[in-house]
Amino acid sequence: MKQSAVLFDESHCGQCECGEGLDFSFSFAFQPIVDVVNRSVYAYEALVRGLEGEGAMSVLEQVNERNRYTFDQVCRVKAVKLAARLGMESRLSINFMPNAVYQAEYCIRTTLAAAKTYDFDTRKIIFELTENEKLASVEHLVSIIEAYKEMGFATAIDDFGAGYSRFNIMIASPPDILKLDMGLIRGIHDNPNKQAVVSGIITMMNHLGGRIVAEGVETKQEYFWLRSQGINLYQGYLFAKPGFECLPEPVFPV
């Protein structure tokens, strides 16, 4: 992996103290992102869950300004550790909180340390930004994306088309992957307005050189329309539901 021009202090990387300050525990479920061209798993997204598999909100509602940085760091370490334990061979997609990253080069140290400890190839890590988090500074997010790219990580914007649509980020520093929000996907085969919007996004990403993931795909009708537009990467119940602390095998529609 190519290192950033801003060097981090490796002497602290083995000291994962990022669990301090959290008064709750959590785990992950994994949902595959599939490549329908070669019928394979492109990546698994790590989705936060309670220790007994409770939904994400049972965990996220405990995150606040005081513990956001610690939570973000623990998420990265736990996701890498569990992915390594499960023998994940595909990419690993980790959601991150940009408001918790005060300096990308410093805040990446625990991720690098965890990857080294658990023998997980950092080149397989994708960092996803969700559109649902309001940013204090767009410039700050752009600096994070650019730093991650320079360090060799792939980046993605999740839930595009919902929340805070970040076309300014697409202009300043386009991510490698754009994940279409499920609100755009639901019933798209029968909705000309959604079709027009998604067609425009596809054209944009083709020009920017990135890839699109259609997430939240639940029906064959949705899939067949999206496939007819040239989208190759998918995530949703049609292929596989999230598996708690396991790697579900996807099924492919015919």
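This is a predicted model: local features need pLDDT of at least 70, side-chain atom pairs count only at pLDDT 80 or more; totals for chains, interfaces and linings use all residues.

Guide: Residues are numbered from 1 along each chain as its sequence is written, and side-chain values use heavy atoms, with hydrogens and water left out.

Visitor: In which sense do strand 2 and strand 3 pair?

Guide: Strands (E, at least two residues) and helices (H or I, at least four) are DSSP runs, numbered from the N terminus, and two strands pair if DSSP finds at least two bridges between them. Strand 2 covers residues 40–49 and strand 3 covers residues 91–96, with four bridges between them. Ala43 stands opposite Arg91 of strand 3, and the sense of the pairing is parallel.

Visitor: Which residue in strand 4 is the bridge partner of Ser93?

Guide: Strand 4 (residues 125–130) runs parallel to strand 3, and five bridges join the two. In strand 4, the partner of Ser93 is Ile126.

Visitor: Is Gln31 buried or exposed?

Guide: Gln31 belongs to strand 1, residues 27–35. Buried means under 20% relative accessible area, exposed over 50%, and partly exposed in between (1.4 Å probe, protein chains only). With a relative accessible area of 8%, Gln31 is therefore buried.

Visitor: What span does helix 2 reach from its first C-alpha to its last?

Guide: Helix 2, residues 68–85, has 18 residues. The expected span of a helix is 1.5 Å times one less than its number of residues. For helix 2 the expected value is 26 Å, and the span reached is close to that, at 26 Å.
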